Amino acid sequence: MLYIFDNYALDPERRELRAGANAVAMEPQAFDLLLHLVRHREHVVSRDELIQSIWGGRIVSESALSTRINAVRSAIGDSGTEQRLIKTLPRKGVRFIGEVREEQRPSEAAAASPEHRTVEAIDLTPAAEGIPGSQVSGMEINGAVLPQITSAPRESRRFLAGRSRAAAVAAICVLVSGILTWSYLARSAQSEQTRANIETAARLTRISEKIHMISREDYEAARAIRQWAVDLDRHNAAALASLSFAIVTGVLNHWSDDAIADLHAADLALQDAIAIAPGSMTARGARCQILRAMRQFEAAIKACSELAKSFPDYAFPHKEIGYDRLMMGQPDEALADFLEADRLAPDSQLRWSWEQGIGLVYLMQGEDQKAIEWLSRAAREAPNAGHPTAYLASAYALVGREQEAHEALDHYLKLWPDTTLKTFGPTIGSAAFSSNMQRVLEGLRLAGLPD
């Protein structure tokens with residue numbers, strides 16, 4: 001069954017939305033939401049009905065639901081302001097109000113039509129027996145009409161009937177064989193394209209994971225490649241989780257141009273990844289990270305702790321717990337997790353991130369020489385990440401190494417030229433974290449960061 005509306009065709013069997021001849025990219029849950037609204041267009045669909053149908057009754061935030069509805073509207077050329085096809089009724093729900101025409105897909109129409117299901121017996125007896133030249137109408141098979149069969153004189157019919165019947169059946173067999181061969185080749189070509197997309201998406205995901213996201217340029221390249229992989233195969237949990245990782249990494253490192261929109265996009269990709277592969281280490285790791293970006297530190301610690309139990313050699317959850325505890329104003333506990341991450345993966349490409357965390361803890365606690373040691377490592381491994389160099393400038397200034405402090409700060413300001421003491425640093429921490437940051441800010445003031 002196809003649902004035709006406006007300039008769009010919604011195909012549930014192929015899970016496709018097409019605008020004319022072009023496929024419209026949609027995330028799986030957005031597609032399911034549109035399909036549910038179209039199928040139930042005769043009534044207003046409540047929030048609870050959507051959550052039960054699309055999310056299986058799981059807890060879903062209002063922002064996540066609104067984001068999905070907006071994604072559907074965007075896919076079909078609608079908007080929350082226009083509401084030309086999807087109308088929101090406050091405190092009641094939403095309803096699809098566009099005019100919809102239901103049509104059978106070509107394969108369904110063929111299956112439902114009797115003349116396409118079986119080949120009827122062919123009556124070679126003329127419609128008006130005894131009238132010379134009377135004819136049997138041509139038969140149509142899958143759109144092809146067989147030639148008309150003209151009757152022979154009565155005395156020769158018995159001899160010709162068997163041969164005519166055999167010729168007609170042979171012609172039908174050849175025609176049906178051609179149709180089936182064409183159908184098979186068409187399906188094979190489509191199958192080959194799908195297989196190629198899946199394989200390409202997997203390769204792109206592996207390539208993107210080799211990019212060390214230690215600068216804005218690295219982040220943008222990794223995000224673009226991972227988005228490409230997801231567009232090719234929207235059922236690839238690894239690609240979806242990796243895309244979520246990249247987006248949230250951009251938010252946490254201040255490389256994102258729109259943090260709120262990006263967190264929504266990362267959340268949607270992550271929900272799809274978890275729905276496909278709930279036990280995936282990568283998907284669960286992405287969940288740890290996005291919870292921190294959303295300032296849900298306790299929930300993040302719980303999720304990361306469960307992940308660390310499931311994968312005891314995985315350093316990433318310990319790094320995440322370290323930053324969660326640091327944001328909550330618990331530097332001692334944070335230090336323990338950072339050091340555990342370093343013990344588990346001393347050669348990891350992410351090592352700079354927990355080296356930065358370790359150095360920051362020491363800087364907050366007044367152990368400046370240790371801070372310089374760890375922050376110097378982080379700055380060498382990720383010179384364009386920015387914050388390791390800024391923290392290093394603060395540590396240098398606090399111990400009186402003014403020249404090195406100015407050089408480190410100059411490098412940071414080339415990356416973030418508009419930064420001031422008021423705008424510097426993580427903006428997602430608790431009041432206790434902000435209090436611990438005062439010593440860091442004092443060092444930056446001494447290094448020359450303007451008010």
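Which helices each supply at least two residues of the lining of the largest pocket? I started my notebook with this question, and I keep in mind throughout that the model is predicted.

**Entry 1: the pocket**

I looked up the lining and found that helix 8 (237-252), helix 10 (281-293), helix 12 (316-327), helix 14 (351-364) and helix 16 (387-398) each give at least two residues to it. The space in this largest pocket comes to about 990 Å³, and 43 residues line it, with Thr 249, Gln 289, Phe 316, Lys 319 and Leu 350 lying nearest its centre. When I sorted the lining by class, I noted 25 nonpolar, 13 polar and 5 charged residues.

**Entry 2: the whole protein**

I then stepped back to the protein, which has 19 helices and 11 strands, and in which 43% of the 451 residues count as buried. For contacts between residues at least 6 apart in sequence, I wrote down that 59% join residues at least 24 apart.

Not counting residues up to four places away in sequence, Val 248 touches Leu 263, Ala 266, Gln 289, Ile 290 and Ala 293. I also noted that Val 248 and Met 294 stand 46 residues apart in sequence, while their C-alpha atoms are 9.7 Å apart in space.

Gln 289, Ile 290 and Ala 293 are also among the buried residues of helix 10. What covers the buried residues of that helix includes helix 8, helix 9 (259-276), helix 11 (297-310) and helix 12. Helix 10 itself has 13 residues and reaches 19 Å from first C-alpha to last, close to the 18 Å expected at 1.5 Å a residue.

**Entry 3: helix 13**

Helix 13 (residues 331-344) has 14 residues, and its reach of 20 Å from first C-alpha to last is close to the 20 Å expected. I listed its buried residues as Pro 331, Ala 334, Leu 335, Asp 337, Phe 338, Ala 341 and Asp 342. They pack against helix 12, helix 14, helix 15 (368-381) and helix 18 (431-436).

**Entry 4: two positive phi angles**

Asp 6 is not a glycine, yet its phi is positive, at about 50°, and Asp 6 is found in the loop between strand 1 (2-5) and strand 2 (8-11). His 254, also not a glycine, has a positive phi of about 65°, and its place is in the loop between helix 8 and helix 9. With a relative accessibility of 28%, His 254 counts as partly exposed.

Conventions:
Residues are numbered from 1 along each chain as its sequence is written. This is a predicted model: local features need pLDDT of at least 70, side-chain atom pairs count only at pLDDT 80 or more; totals for chains, interfaces and linings use all residues. Side-chain values use heavy atoms; hydrogens and water are left out. On a 1 Å grid over the protein atoms alone, a cavity is a set of points where a 1.4 Å probe fits but cannot get out, and a pocket is an open set with protein on both sides within 12 Å along at least five of seven lines; lining residues have an atom within 4 Å of a point. Grid points are joined across faces, edges and corners, and a volume is the space filled by probe spheres set on the points. Helices (H or I, at least four residues) and strands (E, at least two) are DSSP runs, numbered from the N terminus. Ala, Val, Leu, Ile, Met, Phe, Trp, Tyr, Cys and Pro count as nonpolar, Asp, Glu, Lys and Arg as charged, and the others, Gly among them, as polar. The expected span of a helix is 1.5 Å times one less than its number of residues. Buried means under 20% relative accessible area, exposed over 50%, partly exposed in between (1.4 Å probe, protein chains only). Contact means heavy atoms within 4.5 Å.
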